[in-house]
Amino acid sequence: MKRFTLAIILLLVTLTASAQKLGVTGGLTLSQLENIKESRNAGYNAGVSLNIPLVLGLSLQPELIYNVKGATLPDVPDTKYTAGYCELGLQAQWGLDLIVAKPFVLLEPYVGGSTRKTLLVQDQSFKADLGGLADRLECGLAVGGGIEILSRLQLAVKYFRTLGTLLGSDGNLNPSLGSSASGQVSDILNGVGYFTGTTVSLTYFF
């Protein structure tokens with residue numbers, strides 16, 4: 001009985017491994033800081049994905065992407081803040097396989113770290129403070145859906161929200177931005193502020 005169970009497990013592992021697909025992904029990121037929702041700013045995302053089919057329409061899709069997010073400051077004319085993040089997400093998908101196409105819904109927790117932060121004021125660029133390791137690392141959650149065509153091309157739309165710093169010495173999550181113009185700029189330069197937004201991405205599997 002033990003040998004039979006082991007044989008079934010090895011068979012499932014082999015089938016799962018053979019069905020894995022490696023792909024490249026990229027697309028558009030529309031984002032804003034959570035307390036400034038007057039306008040969304042366009043950025044981009046690009047990286048690699050690994051699709052791992054499971055059972056009953058379920059699959060896992062870890063992704064490693066570079067995601068550029070941004071925001072404008074309404075109280076400061078011609079001012080834009082951008083930040084680039086390396087993000088690792090573990091996407092869980094469930095969908096209906098219709099042979100030619102597979103529509104699906106997804107849930108994706110992610111962790112990431114900022115690699116650059118820039119404040120653009122009237123065409124003059126300033127490097128914002130990246131902060132310490134605790135301030136640079138973030139965690140968040142994305143939900144959404146999409147469609148996979150012929151097991152090769154995948155279009156996905158996700159709404160994401162940064163939940164807080166991954167590490168924090170004071171335990172405070174989601175610090176709010178200052179309400180005044182000087183407060184906004186000061187908080188931005190000190191690395192404060194979390195992003196929300198939407199990504200639209202296209203993935204091609206080899």
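Which residue is the bridge partner of Thr 29 in E9? I looked this up first. The partner is Thr 199. I note here that I am working on a predicted model.

**Entry: confidence**

I checked the pLDDT before going further. The protein chain has a mean of 80. I find that 68% of its residues reach 70 or more.

**Entry: strand E1 and its neighbours**

I went back to E1. E1 and E9 (residues 195-205) run antiparallel, and 11 bridges join them. I then looked for E2, which covers residues 41-53. E1 pairs with E2 in the antiparallel sense, over 11 bridges. Within that pairing I picked out Thr 25, which stands opposite Gly 47 in E2.

**Entry: salt bridges**

I searched for salt bridges and counted five. One of them joins Glu 148 to Lys 21, at 2.6 Å from N to O. Glu 148 is in strand E7 (residues 137-149) and Lys 21 is in strand E1 (residues 21-33), so this pair ties together parts 127 residues apart in sequence. Are these two residues buried or exposed? Both Glu 148 and Lys 21 are buried.

Next I looked at Lys 158. A salt bridge links Lys 158 to Glu 63, with the closest N and O atoms 3.4 Å apart. Glu 63 belongs to strand E3 (residues 58-72) and Lys 158 to strand E8 (residues 153-165), so the pair ties together parts that are 95 residues apart in sequence. I recorded Glu 63 as buried, and Lys 158 too.

Lys 158 has a salt bridge with Glu 108 as well, at 2.7 Å from N to O. Here Glu 108 lies in strand E5 (residues 101-121) and Lys 158 in E8, so the parts tied together are 50 residues apart in sequence. Why does Glu 108 count as buried? Its relative accessible area is 4%, and the cut-off for buried is under 20%. Lys 158 is at 9% relative accessibility, so I list Lys 158 as buried. Through shared partners, salt bridges join Glu 63, Glu 108 and Lys 158 into one network.

**Entry: aromatic pairs**

How many aromatic pairs does a search of the whole structure find? I get four. Among them is the pair of Tyr 81 and Phe 195, which is stacked. The centres are 5.9 Å apart, with 10° between the planes. Tyr 81 sits in strand E4 (residues 79-95) and Phe 195 in strand E9, so the pair links distant parts of the chain, 114 residues apart. Tyr 81 is buried, at a relative accessible area of 1%. Phe 195 counts as buried too, at 1% relative accessibility.

I then turned to Tyr 204 and Phe 206. The planes of these rings stand at 90° and the centres are 5.5 Å apart, so I log the pair as edge-to-face. Tyr 204 is partly exposed at 41% relative accessibility. Phe 206 is exposed at 57%.

I also traced a cluster. Ring pairs link Tyr 81, Tyr 85 and Phe 195.

**Entry: charges over rings**

Which residue has its charged end over the ring of Tyr 85? I find Lys 69, at 4.7 Å from the ring centre. Lys 21, already listed as a partner of Glu 148, lies over the face of Phe 205. There the distance to the ring centre is 4.8 Å.

Conventions: Residues numbered from 1 in each chain as written. Predicted model: local features only at pLDDT ≥ 70, side-chain atom pairs only at ≥ 80, totals over all residues. Heavy atoms only, no water. Salt bridge = Lys/Arg side-chain N within 4 Å of Asp/Glu carboxyl O. Helix = DSSP H or I, 4+ residues; strand = E, 2+ residues; numbered from the N terminus. Buried < 20%, exposed > 50% of the residue type's maximum accessible area, 1.4 Å probe, protein only. Pairing = 2+ DSSP bridges. pLDDT = per-residue confidence, 0-100. Phe/Tyr/Trp six-rings, centres within 6.5 Å; stacked < 30°, edge-to-face > 60°. Lys NZ or Arg CZ within 6 Å of the ring centre and 35° of its normal.
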